[in-house]
Amino acid sequence: MGLRVLAVDDEGPALDDLVHLLSSDPRIGEIHTARDGAAALRRLDRSLAENRPIAAVFLDIRMPGLDGTVLGRVLAQFARAPHIVYVTAYDDHAVDAFEIKATDYILKPVRPERLREAIRRVLEGSEGADGGADAGPPPGEPEPMPVELGGVTRFVTPAEVLYVEAQGDYARLHAQGGSHLVRIPLAALQERWRGAGFVRVHRSHLVSLSAIKELRLDSGRCTVIVGDVELPVSRRHVRELRDLLVRRARRAP
């Protein structure tokens, strides 16, 4: 099938050149593109929602808005982070790349043989990770999320949250006592709280399975009742959600 990758660069000609070089390598399968960090996160978010994760991100650094170093740190928080290969005209961000354990750091103009070596490193790293790909969530409790309330920072645990709503590059945590807006993309939070009982039901929503009161099917439209709110369920998630709820009901005492 080949690697599913994402190429990110705000300069059109540079992005076209990178895509051309990637497409020339038989080890590469699907190539997705983005012109800035925010668009890259949206693409990664969709890939997770579709259960078609991207294996590697070939990432420029100096971009307007969300630059490559910040985006790299966000991606590094994913439980199963994509490989990050920086592709940049500048050599002064190598320390940042080292800190987030980037797979490679390529200087522009990109030489085909240098890109081939980066792809080899991605494949090598992916093969090493495959043995634990289905081992389940990482050990320990999922991390709480820091939120600001009246100038005071407190930590919201996954157990307090009913559902999460995507709002651009932010996520709104809906808990029993109110809602909290935090600066983290929904895809990153989904990975961070993987194994905490949350399930993706829509490109804009994560829901705690324990908080679902009812699953409704009406004329082909599926929704869930969470607290006092009715949330849509995308068609691609209906079967998975129904199976999860059935298995959870069977385990209940």
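The chain exposes about 13700 Å² of accessible area, and carbon and sulfur atoms supply 49% of it; the areas come from the Shrake-Rupley method with a 1.4 Å probe, and for residues only the protein chains shown count as cover. This is a predicted model, in which local features need pLDDT of at least 70, side-chain atom pairs count only at pLDDT 80 or more, and totals for chains, interfaces and linings use all residues. Residues are numbered from 1 along each chain as its sequence is written, and side-chain values use heavy atoms, with hydrogens and water left out.

**Overall build**

- Seven helices and 15 strands make up the secondary structure of the chain; helices (H or I, at least four residues) and strands (E, at least two) are DSSP runs, numbered from the N terminus.
- The chain is as compact as a globular protein of its length, because its radius of gyration of 20 Å is close to the 18 Å that the globule rule gives for 253 residues. The radius is taken over C-alpha atoms, and the rule is 2.2 Å times the number of residues to the power 0.38.
- Along the principal axes, the C-alpha atoms fill a box of roughly 60 × 45 × 35 Å.
- Of the 253 residues, 45% count as buried, where buried means under 20% relative accessible area, exposed over 50%, and partly exposed in between (1.4 Å probe, protein chains only).
- Among contacts with a separation of 6 or more, 54% are between residues 24 or more positions apart; a contact means heavy atoms within 4.5 Å.

- D60 lies in the loop between β3 (56-59) and α3 (68-76), and D60 is buried, with a relative accessible area of 6%.
- Leaving aside residues up to four places away in sequence, D60 touches V8, D9, D10, G68, V87, T88 and K108.

**Backbone exceptions**

- Most residues other than glycine have a negative phi, and most peptide bonds are trans.
- K108, one of the residues that D60 touches, is joined to P109 by a cis peptide bond with omega of about -5°.
- P109 sits in the loop between β5 (104-107) and α5 (112-130).
- N51 is not a glycine, yet has a positive phi of about 55°.
- N51 belongs to the loop between α2 (37-49) and β3, and N51 is exposed, with a relative accessible area of 67%.
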